[in-house]
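This briefing sets out selected features of the structure shown below. Please keep the sequence and the model in view while reading.

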Amino acid sequence: MSHTAKRWSRYIIAIVIIFSLNFIIPRAMPGDPLTNLLGEDVILTDSTVAELRSEMGLDRSWSQQYLDYWWGILHLDLGYSFHRHSPVSEIIFSRMKWTLLLALPSLLLGGVLGTFLGALAGWRSRRKGQKMQTALFLAIYCTPPYFLCLLALYLLSFKLDLFPLKGFYTTGSAADIAHHLFLPILVMTLFSLSRNYMIMRGSVLQEKSSLYAAFARAKGLYDDEILFRHVFKNALLPIITLLAMDFGFILSGALFVEIVFSMNGMGNLIYDALLSRDYPVLQGSFLIITIMVVSANLLADLLYSSLDPRVRWQ
Amino acid sequence: MPDVTKFSRGGLILFLSFLLMAVFSPALAPYDPWVRFEPYLPPGHEHLLGTNDMGHDILSELIFGSRVSLIVGFGAALMATLIGTAVGLLAGYFKGTTDEILMGITDIFLMIPQIPLIIVLAAFLRPSFWMVALIMGSLWWTSTARVVRSKALQVREMGFVQASRALGFSDRHIIFTDMLPNIFHVIMPKFMLSIASAMIAEASISFLGLGDPTMKSWGMMINFAFTRGGFINGYWWWYLTPGLCITLFVLSVVLLGFALEEQEEATMRLE
Amino acid sequence: MSSPLANAAPLLQIEGLSVSFETPLGRVKAAQDVCFDLREGETLALVGETGCGKSVVASAIMKLLPHNASVQGRAVFAGRDLLALGEKEMARIRGSEIAIVFQNPSLALNPIMRVGEQIAEMLQVHKGVSRSRSLQMAEDMLSRLGLVKKETASMYPFQFSGGMNQRVMIATSMILSPRIIIADEPSKGLDGVLAGEVMVEMARIKDQVGASLLLITHDLLLARDISDRMAVMYCGEIVEIGKSREVFSEPLHPYTNALLSCLPERGFQPIPGSSPSMIEPPAGCKFHPRCPQKQDKCMRRPEMVQVESSGEFSGANESTGREVRCWLY
């Protein structure tokens, strides 16, 4: 099988498996699959329940249900939330843009700054000032993201009253949104930065001892010149996939940030769904997040192939 | 490199302190964390860190909380490392189709959004912390598998392994006697880092209220602080202390992991 | 043919160069009290077994040793002691005045950077030449080394053979017309014919730019063929130095004699004993445990002494520059 075919098949298989997992879980979990599919504390009459049971196809064979499930997904039908009285897909899509507004800038900033600072950290690993910086980012790396938020909230909003305490906006103007978003994006960026920093630093530390870096020095390149002309790209390539895989982790972090900052994105959606055991919303969110993560991995894979000449020329 | 030793020594001391805290919680904690006193007390003589909304002594909660973090972290990491090592070894040793299949599975597992999946499962199952550790372990083995595999591929080509195979030793024998000891020092740092990830994940899950309600974990403390008015009222002793503990415990584990990695690299340089 | 510049002032003077490394296994004394001159336009070969310290000497001159190395002595180039210079100043000299060609060209080149750019980089960094112009000059350099096709410059090292990469490295080191070129085992990893070709090209360019060549090699025949003078190293010390053909026809030091006897054309006789440890080397003369002519005196370290040659290869007024470190003289 050609390289590209293998790669694509891997992604498709991943999606199929994860989506199937999503199908299996509510039906395999203890309890009535109907409850698992509807959510708990949903008040319905017996006749409605029977109706729903047949509508949802729970009286059909498993294989038939499986096919119906996929049919629904391809039509973007993610089910219906009885708690919120609205189709799940609508709910998710309306919330998703806010989450992306929070996550994407943080990811970009964190990615760029993280790799840049991390590269310098790996390169200058022996200098005194560097160790302090590395220790700082290490500490941030070890802090659960939501705790970081709590700290930031406490210090900057509560005590110093510099930023609003919650929500995406109060007045809705661009400046207002920016003001609200500042702290969450700051925390998210730090979170993403610290992870990229550590990974890039490790990669540069490894590349530092390579022969081509020594030869670059022998050619008369001085210090940072060697880093940015040679080592940086070589260190970045093997970790692009790592960074992409981290995307899933960072996205989860975004959810927590939203919860702490009481923002109406997917994070709080999931949190509320969790509290009210609104399973359809939970599952729908899981699917959407999966798609986002798999896409990010795919993008990174493609990026890697286009950047590394050794792969291009295969 | 003296500074690395300084950091890793600090990490070791921190780790051991938390370990001791976990093991000797009943002796160290001033009270039983489940005993009720007057709720919402600020820090004072009787209760160094005050009490929570149910009147439980926060300091005792804090000390007992180390147990949950340790057990979940350790359990999840142990499982992840066992599975990861097995997969990596088999893939690296047998190569060919076995390798392709195992790596394919690994890649797929890598793409599963871990925390969202744990949330979904936890929502349905309402698990004990053992379950949480189990679920985490069954998701996290991938990075260990990759590292073990690349090392196994290396070791496999080494002289003494080739010799064993030429002499006709069974695969099983070779794997356990020749390959495993040489892979060990690659596994250890990964193990430590898995503990760190697991602890943060456990804290995050508990924060969402999905943790085991019968055990006091640091994440749950923060959850209660957040949802029961601790944050709004500025009771920093309630939520800052467990958060700090999580950070420090994770930090100590990460430092140890780094120190082990440094050691491994130093031995490699000598080879 | 004697070198017309034999009496010119030396371009590079190495005085009392000693290098040691701190390792977990002990202190490795890689080089001890190494002294030699490199004159303008000449080719000096530094020969010896693997591990005798010759590459260390080259790296020491360029200040490319790892941080656990301690270096003593002087390396005087154009009136300045290189060993006393700071990194920034040294960086300016590296590549532009003194260039080094590593072993293992396929690893020494950046695998994901185009070959032409790696050569052009020298011009950009040292002379501030524009990118397009420097790439053009790089292409010219490559064709002078036999890689004539236009597309070569935009290809990557992983697409080339070892020999081609070696030529790329030579192009890189020669493009700024340095005054000294240090070639560290240039023929290693290349088969006989190819090695010969590469060396011929290198010698040709070296003469074109008027550079001096310090050739580090364990290949005695190569040393004899292209070098003017030869220095033999053993266990971190120079034991004999002199005109290559003289050293070959009349080896003075017992080690040199034994080394030459290892050659297939001279009988393929191995040297008894094994190479000494650099952490705990033998006392006195390093070779004496294996020397067929050893005396009690050899427990004390001999100094380098000048020796008059038989006059076959020099005019009556020329100093032969023949030196040996042995009590026999």
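In this predicted model, strand β1 of chain C, residues 10-23, pairs with β2(C) in the antiparallel sense over ten bridges. One residue pair in this arrangement is C:E22 with its bridge partner C:R27 in β2(C).

**The open sheet of chain C**

- Four strands of chain C make up an open sheet, in the order β2-β1-β4-β5, with antiparallel pairing.
- At the edges of this sheet stand β2 (26-39) and β5 (80-81) of chain C, each of which pairs on one side only.
- Helix α1 of chain C, residues 54-61, packs on the sheet and touches β1, β2 and β4 (69-77) of chain C.
- The direction of α1 makes about 70 degrees with that of β2(C).

**Two residues with positive phi in this region**

- C:D33, although not a glycine, has a positive phi of about 50 degrees.
- C:D33 lies in strand β2 of chain C.
- Is C:D33 buried or partly exposed? C:D33 counts as partly exposed because it has 17 C-beta neighbours inside 10 Å, and a buried residue would need 20 or more.
- C:A78 is likewise not a glycine, and its phi is positive at about 50 degrees.
- C:A78 is located in the loop between β4 and β5 of chain C.
- With 12 other C-beta atoms within 10 Å, C:A78 is exposed.

- Strand β3 of chain C, residues 43-47, is mostly covered, and five of its five residues are buried.
- In a regular strand, side chains alternate between the two faces of the sheet.
- In β3(C), C:T43, C:A45 and C:V47 point one way, while C:L44 and C:L46 point the other way; all are buried.
- β3(C) pairs in the parallel sense with strand β8 of chain C, residues 212-217, over five bridges.
- Within that pairing, C:L213 in β8(C) is the bridge partner of C:T43.
- β3(C) also pairs in the parallel sense with strand β9 of chain C, residues 229-234, over four bridges.
- C:R229 in β9(C) is the bridge partner of C:L44, and C:A45 stands opposite C:M230 in β9(C).

- β9(C) is mostly covered, with six of its six residues buried.
- C:R229, C:A231 and C:M233 point one way from β9(C), whereas C:M230, C:V232 and C:Y234 point the other way; all are buried.
- β9(C) and strand β10 of chain C, residues 237-243, run antiparallel and are joined by six bridges.
- C:G242 in β10(C) is the bridge partner of C:M230.
- The hairpin of β9(C) and β10(C) has two residues between the strands, and C:C235 in this hairpin takes a positive phi near 50 degrees.

**Chain A in outline**

- The secondary structure of chain A consists of 13 helices and two strands.
- The C-alpha trace of chain A spans about 85 × 60 × 35 Å along its principal axes.
- Of the 314 residues in chain A, 42% are buried.
- Among contacts in chain A between residues at least 6 apart in sequence, 72% join residues at least 24 apart.

**Where chain B touches chain A**

- In total, 34 residues of chain B are in contact with 35 residues of chain A.
- On the side of chain B that touches chain A, α4 (96-111), α5, α8 (171-207) and α10 (236-270) of chain B each supply at least two residues.
- Which helix supplies the largest share of that side? The largest share, nine residues, comes from α5(B).
- By class, the residues on this side of chain B are 26 nonpolar, six polar and two charged.

**The helix pair α12(A) and α5(B)**

- The crossing of α12(A) and α5(B) is left-handed.
- From α12(A), A:L282, A:Q283, A:F286 and A:I289 meet B:P116, B:L117, B:V120 and B:A123 of α5(B).
- This contact of α12(A) with α5(B) has seven nonpolar residues, one polar residue and no charged residues.

How values were computed. Residues are numbered from 1 along each chain as its sequence is written. Chains are lettered from A and ligands numbered from 1 in the order in which they are written. This is a predicted model: local features need pLDDT of at least 70, side-chain atom pairs count only at pLDDT 80 or more; totals for chains, interfaces and linings use all residues. Two strands pair if DSSP finds at least two bridges between them. Two residues are in contact if their C-beta atoms, placed from the backbone, lie within 7 Å. Axes are lines fitted to C-alpha atoms, for helices over the stretch in contact, and angles run from 0 to 180 degrees between N-to-C directions. A crossing is left-handed if the near helix is turned anticlockwise from the far one by less than a right angle, and right-handed if clockwise. Ala, Val, Leu, Ile, Met, Phe, Trp, Tyr, Cys and Pro count as nonpolar, Asp, Glu, Lys and Arg as charged, and the others, Gly among them, as polar.
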